[in-house]
Amino acid sequence: MLSLLSFLLERFTPCSFAQATNGYVYFGNGMTSLRKWRDTLSMAALAGVNTPNVGFTIAGSGSGTITGTYRAYTRFVDEDGNFSALSPVSNELVASNVLSIVATGVVTPPAGQRIVRRQILRNTSGQFQTFYVDIDSTDLATSTFSMSRSDNDLQTQGKVPLFDTLGSDIADRMSPPRNDKPIIAHHLGRLFLGGQVNASQGHVEVTNGSTTVQGVGTDFRAVFAGRVLYAGGGSYSISSVDLTNQRLTLATAYAGTTDKFATFIVRSAPAERNTVYWSEAGGNYDGWDPSSGVAVGDADDEVVGLMPFGSYLYILQRRATYRFTYNKDPATDGGVFLATRRGAVNNRVWAIDGPRTFLMDERGFYRFEDGQVTELSQSIQDLFFRDRRGLSINWKSARYFHASHDEHDNTVRWFVSLGGDRLPRNAIAYNYRTQAWWVEEFPFPVGASASSNTIPAFPILGGPNKRLYTFGSDSRDGIQGGGLNGKAASAGIASLEQRIAEAPAAAVGLPIAITAGRGKGQWRTIAAVSGTTLRVTRPWSIRPDSTSEYQIGAIPWSWTSRLFRWIEWESSNRRRVELLYQPTKNRAALDARLYLDRAKEPIRWDLTFPARGEGDAPVVRYEARGVDASVNLQNSAGHAAMQVDGSRERTSGYPGLVQLELRGFSGGDPVAVFQIRLDGVESVED
Amino acid sequence: MWMGQYQAGQFALVAMRALDTSGAPVWPEEAPGMMVLRCTDNTVVSTRKIALFERSVVGYFQDRIQLDATFTVGGYDVLFTYKVAGAQRMQQCRFEVVAGGDPDGAIIAAYFVRSDQQSHVIIQTDTGICARHKNPRLY
C-alpha cells in the first residue's frame, strides 16, 4: 500500500535519509526544508521548530509587589516537546510595585508546524543569565498575556539559562536545521548535515541596474532566499523569491550586462561547500546551533557525502575522505583527520560490508578497510575514460548514481548511466569473493536502492511507476507464475497478439522479449494488456509473426569468452564447441556464436554444414544462413556439441583468432551452463 | 518534428531552434513561448516559455515536459512562437503519450524503515512526490 507523505519536494535532486533514535526518519535534498516522519504520522512534518521572529512589549499593570528590572522572550513548543529558539528580546521594563506584567504583541505560530504551546520566559530581577517559564499556554491565538508571579515563585518554574558554563550564548541552539544541505547522516546520537546543491535549471533574464531576475524554465524554491545567485560573472544575495512568477529579488542591483539568456547557478555562500553541521545532543534532533559546524578538507573540493562507518563519521569529498571523531561535543573535543586521498561521486555510491566499505569515485572503484585503500577496478578502468567511444560512464547523470549491496551473492552493484539516460539503467557489478566484474543492463531505469534492515538483509531497488524490486526471487523480471510465454499469433507495429489471452494485467511495465522466430532478440516494455493484445512502448524493429516466440519478464544475458587461436592443423585437431548445462523444465534456449579474427559479425554456421535436426526436439538447431546455433536447453541430456569446420575460414591475414559468445533470455528456469569446452584451440597471450 | 512516444510519469523532450528568414540560427528577442495542445480537441494543456539549452548553441531551446495526470493517452502538438527582428515566427513539434506509466513518476530515492510492528520504504519520485510503501512484499 502506498501512502503520500509530502508533495513539496524538488523533482530532480535525490533526498538523503537518516533515522534517529527518536524514531523519526529525517530527510531532505537541500531544495526544501528538512522534513521528518515516523509511523505515527500520516504526513511528514517539518523538522525543527521555527523561531518566533518578532519581539513583543511588556509593561506593568495595576498595583502590587512586583518590583525590579525585567525582560522577556517567547518560544514555541511542538507536539514532541521540542522547543524553538528564543524570540528577539522584549523591551526592558523597570517595574515598581506592579500587580502584573502584561505582554502584548506576542507572535502567533505559523500553521503547519505542529506547534501546540507557547511559553513566555522572564528573568528574576537583578540578573539576565537565567530566564524562567512564566507562561506555558496552549492558547495559540491570543497576542496578550499577563504575568503575575513573584520572583520567588518564578524561580520554582522551568529554568532556561541563556549561557553555558563557558559563557557561550545558547539561546539560539534550538534553531531549526539548515535547509540548504542535501546530505544528512546520524552518528553517535546527533544528526549531521553537509554538502551543497547547485540549482541551474533553465535560464534567467537579467537587466543591468535592476534587482529583479526573471526565471525561464526555472524551478526557484522559497528556500533560495538568503542564497547567492551567480550570473553574468557576478554574485548577488537573494532577498526574496516569487514562486508563482518565478522571480528573484536581489539584495543589490545586477551590475552585469543586460541579457535575456543568461545562464546561472543558485547556491549557498562559498564557505558552505565544505561545512558540516550537527544537531544538539541528548536526542534533540530538532534543535540546531547555527554555529555548530566545522569546515573540512580542501577548499577547491566539495563535500559530497557523509558516511557513518564504525566509530567514525567519514566526510566524503570528491577527491578525499576525512574522518570526523569526537567524544562528547564536536565543538569542543571534535577532530577532523585526512583518511585517504580517494573520495566519492555522491552520497549514495558506498556500500558497507562488515569492517570494509566499497566506494566509487571519479577515478574508479575501491575498497576502504582498516584505513587502507585497495584499488579494485583496474580491469575495467576504461569505463572511466571520459572521451572514450563505446561503453563509458555518463558523468552528467552522476547525481543519480547509487550502490546496492547483495549479501546473498556477495555482490556490490553500482547503478550508473552508460548512455544518454538521465536515470541509471546499468549496473557495474563486483563479486568481492571471486573478484569478478560484469555489466548488467535493466529494462527500465533504476533510480534508487535501499537495504532492508532485516536478517538477512535484501536489496531494494526503485524503478519507474513507483515500483520496488529486489533480486533473485525469480529468473524473470517483475513477475512470477505462468502464462508468461508462448507463440505469437501475429504482431502490429507496436503490439503483439498472443494465441491465448494469458498475460496478466500486472505485466504492464514489464519487459517482453522475442526469444525465437522472426524478430528474435528484440526486447521491449509492455505498455498495455487488452485481451490477447500486448502493446509495447516502442515499435518493433523487425515485426514478429506467427513463427515468433515470446517471453514476458525475460532477462537477456550474454557471455563472451576470451580470445583463442585455432591450432593450425585442423585434420588432427578437431574443432568443436561443447556445452554442459542444466536441463530446464520449461522451454528455453541459448544461442552460440563464433567470431573470427576480431570480426564484428559472427560466422554463419550453415555455410559450414546444413541445418539438421534430430527428431522433434533437436538439441542444436541452425537457422538457414543464420549466425546462431540454438541449443535446446529442455533436452534432458544437458549436453550439446557443435562441430566447427574451419576449412573455409582462410581469411586474409589468418591469425585464426576465435571468440565464443553465448546469449539468450532467461525464462521460467534459470539458465546454468556448467562447462564450456572449445576443442582445437590454444591460448593467446594477452 | 516528431519527438517520440512517452508514458505517463516520464518527461517529454521538446526542442526548437530559432531561425531567421534565411534559415540561419539566431537568438530571438526573448525566450520563445511554448504552448502544448491536445490533438483530439486542441485543448491547451500547458503554456509557458522555453529555456535555452546551452549558450554555445545559437538559438537552441529545450524543455522536458512532465507528463502528469493532465496528459492523457494521445497525441500532443507543441507550438513555439518567437520574434526575430520584430517579425513573429513559429515552429511546431509533436509527441505522443502511450498507455502504461504512472503520472507520479520514477523513484529517485528510497529508504527502508522498520518499526516495531511494520516496515516501510519511503520513496521520492522525480515528480516531487514523497510517499511510503507499507509492508512491501514480493508479488
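Mentor: In chain B, residues 24 or more positions apart account for 54% of the contacts with a separation of 6 or more. This is a predicted model, and the description below should be read with that in mind.

The elements that these contacts belong to are quickly listed. Chain B has zero helices and ten strands, and from the N terminus on its elements run β-β-β-β-β-β-β-β-β-β. As for overall form, the C-alpha trace of chain B spans about 70 × 35 × 20 Å along its principal axes. Its radius of gyration is 20 Å, whereas a compact globule of 139 residues would have one near 14 Å. Of these 139 residues, 48% count as buried. Confidence in chain B can be stated briefly: the mean pLDDT is 92, and 98% of the residues reach 70 or more.

Chain A has two helices and 54 strands. With a radius of gyration of 34 Å, well over the 26 Å that the globule rule gives for 686 residues, chain A is more spread out than a compact globule. Its C-alpha trace spans about 120 × 60 × 55 Å along the principal axes. Among contacts in chain A between residues at least 6 apart in sequence, 60% join residues at least 24 apart. Buried residues make up 52% of the 686 residues. Chain A exposes about 29,900 Å², and carbon and sulfur atoms supply 48% of that area. Its side chains include 70 positive and 68 negative ones, with the centres of the two sets 4 Å apart.

A:Ser561 lies in the loop between strand E45 (555-560) and strand E46 (564-566) of chain A. The relative accessible area of A:Ser561 is 7%, so this residue is classed as buried, the cut-off being under 20%. Leaving aside its neighbours within four places in sequence, A:Ser561 is in contact with A:Gln659 and A:Leu660.

Confidence in chain A deserves a separate account. The average pLDDT of chain A is 89, and 93% of the residues score at least 70. Confidence in chain A is lowest in strand E1 (residues 2-6), at a mean of 74, and highest in strand E19 (residues 247-250), at 98. Two further stretches call for attention. Over residues 607-616 of chain A, pLDDT stays under 50, and the model has ten contacts beyond four places in sequence for this stretch. Over residues 648-652 of chain A, pLDDT likewise stays under 50, and the model has nine such contacts there. For the complex as a whole, the predictor gives an ipTM of 0.94 and a pTM of 0.89.

Note on methods. Residues are numbered from 1 along each chain as its sequence is written. Chains are lettered from A and ligands numbered from 1 in the order in which they are written. This is a predicted model: local features need pLDDT of at least 70, side-chain atom pairs count only at pLDDT 80 or more; totals for chains, interfaces and linings use all residues. Side-chain values use heavy atoms; hydrogens and water are left out. pLDDT is the predictor's confidence in each residue, from 0 to 100. Helices (H or I, at least four residues) and strands (E, at least two) are DSSP runs, numbered from the N terminus. Buried means under 20% relative accessible area, exposed over 50%, partly exposed in between (1.4 Å probe, protein chains only). Contact means heavy atoms within 4.5 Å. The radius of gyration is taken over C-alpha atoms; the globule rule is 2.2 Å times the number of residues to the power 0.38. Accessible areas come from the Shrake-Rupley method with a 1.4 Å probe; for residues, only the protein chains shown count as cover. Lys and Arg count as positive and Asp and Glu as negative; His and the chain ends are not counted. The place of a charge is taken as NZ of Lys, CZ of Arg, CG of Asp or CD of Glu.
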